[in-house]
Amino acid sequence: MKITVNDLSFQFPFYEEADFWAALKQFLQICRELESGRCHNVEGITRVELDKTFPLYPGGSLHRAIQRISDNNEKKYFLSLLVNRGFRPSAVEAVFLYKGKSSPVCAAARENALVSLESEAGFQKALVEGELSGQMVALRNISCRNHILLYQGILGLRIYIPNDKKHKKDRQNPYGKGKVASPMDLDGEAAQELLDRAIRIKGRLYARKGKYNYAFQNTGGCIYHGYIADDLGDDILSELNRKKWD
């Protein structure tokens, strides 16, 4: 799916400058997470034309805000969102109407989702309600991490949580009657990185790191745990061999 920057969310002013900067920081964090690779169904964030002269906060516009971002990495990322993304054209017949303002690009994003700056109460919700072609509609909206978790399924999010009781770090672990669990030697950060790169084969995620192959099992929603898989069939090994891992 494609995520579109909600241009309407940059058309409502903040009454306090501090609130604007807090909202902008959160907006950039959410965009980074959507593009981090953990949301596997997200093709990317499409940019729109924003009015950089609109007074977003007392005495400041988007243009002024960009100049005042002190963290160079944050500034570069924000500029990349405004310039270096695929562009969703606004030349469409339908427009999305919200509180007296209109947006063709929001209308075009109806089947996907918006990412919004929390400039107004409606943009703090997981659904932005407005009018489209004479009908009331609700567009998927992502403006905070809870929204990412809410839409985890359609976003393709993967979160690693170890099953330490079952998969020990340095040994096989007997459990149940006649069962033995494989070890998991990776720490949480390394396992998450590998899970993000894992490929789906026959309904399960597999990956390779160093001399070991790993399997990741879904334990509900977007949660996975993993373990060393040393008994894989030739068909799975063949798929793993096609990808460069290290």
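User: What is the relative accessible area of Glu17?
Analyst: This is a predicted model, in which local features need pLDDT of at least 70, side-chain atom pairs count only at pLDDT 80 or more, and totals for chains, interfaces and linings use all residues. Residues are numbered from 1 along each chain as its sequence is written, and side-chain values use heavy atoms, with hydrogens and water left out. Buried means under 20% relative accessible area and exposed over 50%, with partly exposed in between (1.4 Å probe, protein chains only). Glu17 is partly exposed, and its relative accessible area is 26%.

User: Which residue meets Glu17 in a salt bridge?
Analyst: A salt bridge here is a side-chain nitrogen of Lys or Arg within 4 Å of a carboxyl oxygen of Asp or Glu. The partner's N and the O of Glu17 are 2.6 Å apart. The partner is Arg68.

User: Why does this pair tie together parts that are apart in sequence, and how many residues apart are they?
Analyst: Helices (H or I, at least four residues) and strands (E, at least two) are DSSP runs, numbered from the N terminus. Glu17 lies in helix H1 (residues 17-34) and Arg68 in helix H2 (residues 62-68). Because they sit in these two helices, the pair ties together parts whose separation in sequence is 51 residues.

User: Which helix holds both Glu193 and Arg197?
Analyst: Glu193 and Arg197 form a salt bridge, with their closest N and O atoms 2.7 Å apart. Glu193 is partly exposed at 36%, and Arg197 is partly exposed at 25%. The two are four residues apart, so about one helical turn separates them in helix H7.

User: Which strands stand at the edges of the five-stranded sheet?
Analyst: The sheet is open, with mixed pairing and the order S10-S16-S15-S14-S13; two strands pair if DSSP finds at least two bridges between them. Each edge strand has a single partner, so one of its sides is left without a neighbour in the sheet. These edge strands are S10 (159-160) and S13 (199-201).

User: How is strand S10 paired with S16, and which residue is the bridge partner of Ile159?
Analyst: S10 and S16 (residues 223-228) pair in the parallel sense over two bridges. In S16, the partner of Ile159 is Ile223.

User: Which residue takes a positive phi in the hairpin of S13 and S14?
Analyst: S13 and S14 run antiparallel and are joined by three bridges, with Ile199 opposite Tyr206. Their hairpin has two residues between the strands, and the phi near 55 degrees belongs to Lys202.

User: And what about the hairpin of S14 and S15: which residue has the positive phi?
Analyst: S14 and S15 pair in the antiparallel sense over five bridges, and Leu205 stands opposite Phe216 in S15. With two residues between the strands, the hairpin has a phi near 65 degrees at Gly210.
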